[in-house]
Each structure stands twice: as structure tokens, then as C-alpha cells.
Amino acid sequence: MKAFLILEDGSIFEGKHFGADKDVISEIVFNTSMAGYTEVFTDPSYAGQAVCMTYPLIGNYGVCLDDMESERPWVDAVIVRELSRIPSNFRCDMSIQEFLEKYEIPGIEGIDTRKLVRILREKGTMNGIITTNENLTFDSIKDKLHAYTTGDVVSKVSCKEKIVLKGVSDLSENGPLSGSAVFNADNFKADLAGDHSKREKRPAIVKELNGKGLKVALLDVGAKKNIAASLAARGCDVTIYPSNTTAEEILKDAPDGIMLSNGPGDPKENVDVIKEIKKLYDSDTPIFAICLGHQLMALATGADTFKMKYGHRGGNHPVKDLTNGRVYISSQNHGYVVDMDKLDKNIAEPAFINVNDGTNEGLAYVGKNIFTVQFHPEACPGPQDSSYLFDRFIDMMKKGKVGGKN
């Protein structure tokens, strides 16, 4: 079946339909990752957006449900150059087209994704419609395209009730250390036969339970699963709170530290959440924030954010740690950024910058046990260069307990 992508600048792309058979108007963005499409599709930060994967062949290893970053995919639609319809991987549970059909998400393949990305880079992120209606014209749809906004997507993707994730009590509960896994033929056959309890665990990079005995409160404004999992793998007990939870309720549970998660949409839409985060800032509890959480903390303390031309989305973005001059390769997914020109240096100082364009990638708060980053140290499938930031957060919590501040 033919499918069409119509952008709000009038550009029209013709391709082939796959996934769910329905029309979708969405914000069109692109991701430059070569692998990890399952994690991209299930990242809550993509709620309200249709994602174009720039790597030309997508789907060759299918979908492994263990790799999902939430309980379902959140993208509005998927755009690819070539779809691999016959996946080949021992961990594969289903093909991409089966996955998208299951969750009623449409896709379009066979378009010139390089041309599409050039348009988005030159003109900026814009809205578009994916449709199978051959009679649909730009003039008939342009008003709806211009009017579309992602809206309040945080409340849509956040958990609805408190969730407790116990930290591991022994390193053996994690996967084998990266590079040390041993192939087990019997487990492999059992997994192929449908007994997924025998499936090999994802390799781990955690070498010690340095967070054992610590309690972390995670405010879910669109959290990826691996944020909580990264803390639990280090021994931390993690309590996940819905986005509308008050600061008083979180602090009443006496956490040793607070995590503010990633999430979708314009950070300035979250007026009530920002008010509660300001209360968390005023407490003496150590705080670590990622992506949207980083932006919300900045807004809560008087800074500003603005929308980027086409954002950072991919797994190869270099960020520089201003404390030691080292550069790390990071995974990123954001369309907004903290405005360093409007940053009060008495409240927060830049801690990381993007090597490519000089935009802010992290803040250290003056006189507070608070640091925030724009990128994803919990990245799955990677890179894992900046996973040490979880250990920095654990050290901060331990010092807080010794100092008696929480």
C-alpha cells in the first residue's frame, strides 16, 4: 500500500505503508543511531513525535521485548529508508511491523530519508502527516499541520501510582560483566523453544553494590526503565513517583537522594511540576536530574529554556566535562536546551557542554548537592561512557547521610 508524508512546508514524500493502518499528524524528528531502534520507539521522551531513523536499514535484528524502555512504544509513527521484514537474531521476539501493528503505530518506508533530514536541518523541526490517502492534498491539511502541538505529554507517559524497585542484594542478580559472558547451548535452545526464563541476561558494567542501603526517589516525568535499573543494579532501593506527586509526599518518605527523570515535550508546559521541584531544590536532599529533569530544575531556579532548531537525537554526541576537560560520547534525545546566557552563576554553573555546538549539557548547583545533565548516562544500547555519573550521585548521597542532612 502506498503511503505519504506531507510536511507543513508543503514537501511531499511517497513511500510504502507498514504498521498500523491509520493517519497520524505529529512533530517530525530524526535520530542518527545505527542501532537501538526498540529503545528509541519505547522511550517516553518521543511521545507526540514521529521519528525518522537516519540509518538506511532498520529492523534487521527485529524487536527484543527485554530491550523496551517502557511498557509500550510512545512514538506516533516511524519513518525509515528500508525496512528489514525478515529479522535475524536469537533474541528476536517479533518483527518491527508486528510490533507496530500490535501497538497501532503506523510507519512509512522507502522515502528519501536523507532529503527529509536535510529539510529538517535547514528549516528546523516541523509537523507532518503520515497517510495512506492518495487524495489528500497539502491545502486541505495545512491548517491542521500548523495547529498541532505535543501538548501535555508528561502526564500521559508518567506512571499512575507509586512503584517500588528493590535494589539487587548480590552482583549475580545482574547480567554477566560485559565481555565475560559464556555461551550456554542448553539455555539458548530453551530460549528458542519459548522458555525465556533461560534467556541470557543483558551484560552489566556494575562491579560493586556501592548503593546498597540507599533509598532513591525517582520522579517520573517520562522515565526510561534503565534509569531506575541502573540505580537498582548498584544496590539502591528505588521508589518511582508519578509526575503529579507533591514534594511533601516525596520528602515524607525520607529518601537519601532524588532523581528527576527524562521526559517529553516543552519543559515550560509543566508549571505545577516545576513548583514542586523548587521545593525539592530548597531541601537538603541530594538531587541528580537527567534530560527533561535537568531543564525543569533550571526553570525552577529562575533559568530559561528555548527550543532548538532540530535538537539532539542519537547515540554519538560528544560532551565535555568542564571539571576535568574530558570528552565523553553520549546518547541524547531532546529538542529544548537551557539558555546559558540567562543563567545566574550564583545559582548554577555550567558543568558540561556539547562539543559540536557549544550548547549546555549539564549544571552544577552552587552550595547544593545537586547536579543535572542533558544527556543520558543510562543509555541503552549505549554508549556507556557517562554511566559513572550514577556512582557520583551515590557518593553524594553517602556524604549526605554522613553529614546528617537527610
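## Pocket, strands and cores

Student: Which residues line the second largest pocket, and which lie nearest its centre?

Tutor: The lining has 26 residues, and Glu-27, Thr-150, Gly-265, Asp-266 and Tyr-336 are the ones nearest the centre. This is a predicted model: local features need pLDDT of at least 70, side-chain atom pairs count only at pLDDT 80 or more, and totals for chains, interfaces and linings use all residues. Residues are numbered from 1 along each chain as its sequence is written, and side-chain values use heavy atoms, with hydrogens and water left out.

Student: What makes a space a pocket, and what makes it a cavity?

Tutor: Points lie on a 1 Å grid over the protein atoms alone. A cavity is a set of points where a 1.4 Å probe fits but cannot get out. A pocket is an open set with protein on both sides within 12 Å along at least five of seven lines. Lining residues have an atom within 4 Å of a point.

Student: What is the volume of the second largest pocket?

Tutor: The second largest pocket has about 350 Å³. Grid points are joined across faces, edges and corners, and the volume is the space filled by probe spheres set on them.

Student: Which element gives the most to the lining of the second largest pocket?

Tutor: β16 does, with 4 residues. β9 (126-131), α10, β15 (305-321) and β16 each supply at least two. Such helices (H or I, at least four residues) and strands (E, at least two) are DSSP runs, numbered from the N terminus.

Student: How many cavities of 30 Å³ or more are there?

Tutor: The count is 2. The largest cavity has a volume of about 50 Å³. Its lining includes Ala-298, Thr-301, Ile-347, Ala-348 and Tyr-365.

Student: Why is Ala-77 called buried?

Tutor: Its relative accessible area is 0%. Buried means under 20%, exposed over 50%, and partly exposed in between (1.4 Å probe, protein chains only). So Ala-77 is buried.

Student: Where is Ala-77, and what does it touch?

Tutor: Ala-77 belongs to strand β6. Contact means heavy atoms within 4.5 Å. Not counting residues up to four places away in sequence, Ala-77 touches Gln-49, Ala-50, Val-51, Ile-105, Pro-106 and Ile-130. Ala-77 and Pro-106 are 29 residues apart along the chain, yet their C-alpha atoms are separated by 5.1 Å.

Student: Which way do the residues of β6 point?

Tutor: In β6 (residues 77-80), Ala-77 and Ile-79 point one way, Val-78 and Val-80 the other, and all are buried.

Student: How do you know which strands pair with β6?

Tutor: Two strands pair if DSSP finds at least two bridges between them. β4 (residues 49-53) has 3 bridges to β6, in parallel. β8 (residues 106-109) also pairs with β6 in the parallel sense over 3 bridges. Ile-79 of β6 stands opposite Cys-52, and its bridge partner in β8 is Ile-108.

Student: Why are Glu-104 and Ala-254 put in two accessibility classes?

Tutor: Glu-104 has 53% relative accessibility, so it counts as exposed. Ala-254 has 44%, so it is partly exposed. Glu-104 sits in the loop between α2 (96-102) and β8. Its phi is positive, about 55 degrees, although it is not a glycine. Ala-254 is in the loop between α8 and β13, with a positive phi near 50 degrees.

Student: Why are β10 and β16 called edge strands?

Tutor: The open sheet has 10 strands, ordered β10-β12-β11-β13-β14-β19-β18-β17-β15-β16, with mixed pairing. β10 (163-165) and β16 (327-338) each have a single partner strand, so one side of each is left without a neighbour in the sheet. Inside this sheet, β17 (residues 348-354) and β18 run antiparallel, joined by 5 bridges. There, Glu-349 stands opposite Ala-364.

Student: What makes a set of residues a nonpolar core?

Tutor: Its members are buried Ala, Val, Leu, Ile, Met, Phe, Trp, Tyr and Cys residues joined through side-chain atoms within 4.5 Å. The largest core here has 29 residues, and Leu-219, Leu-260, Ile-277, Met-297 and Tyr-365 touch the most other members. The largest share, 6 residues, comes from α10.

Student: What does Tyr-365 touch?

Tutor: Its contacts include Tyr-281, Met-297, Ala-298, Ile-347 and Ile-370.
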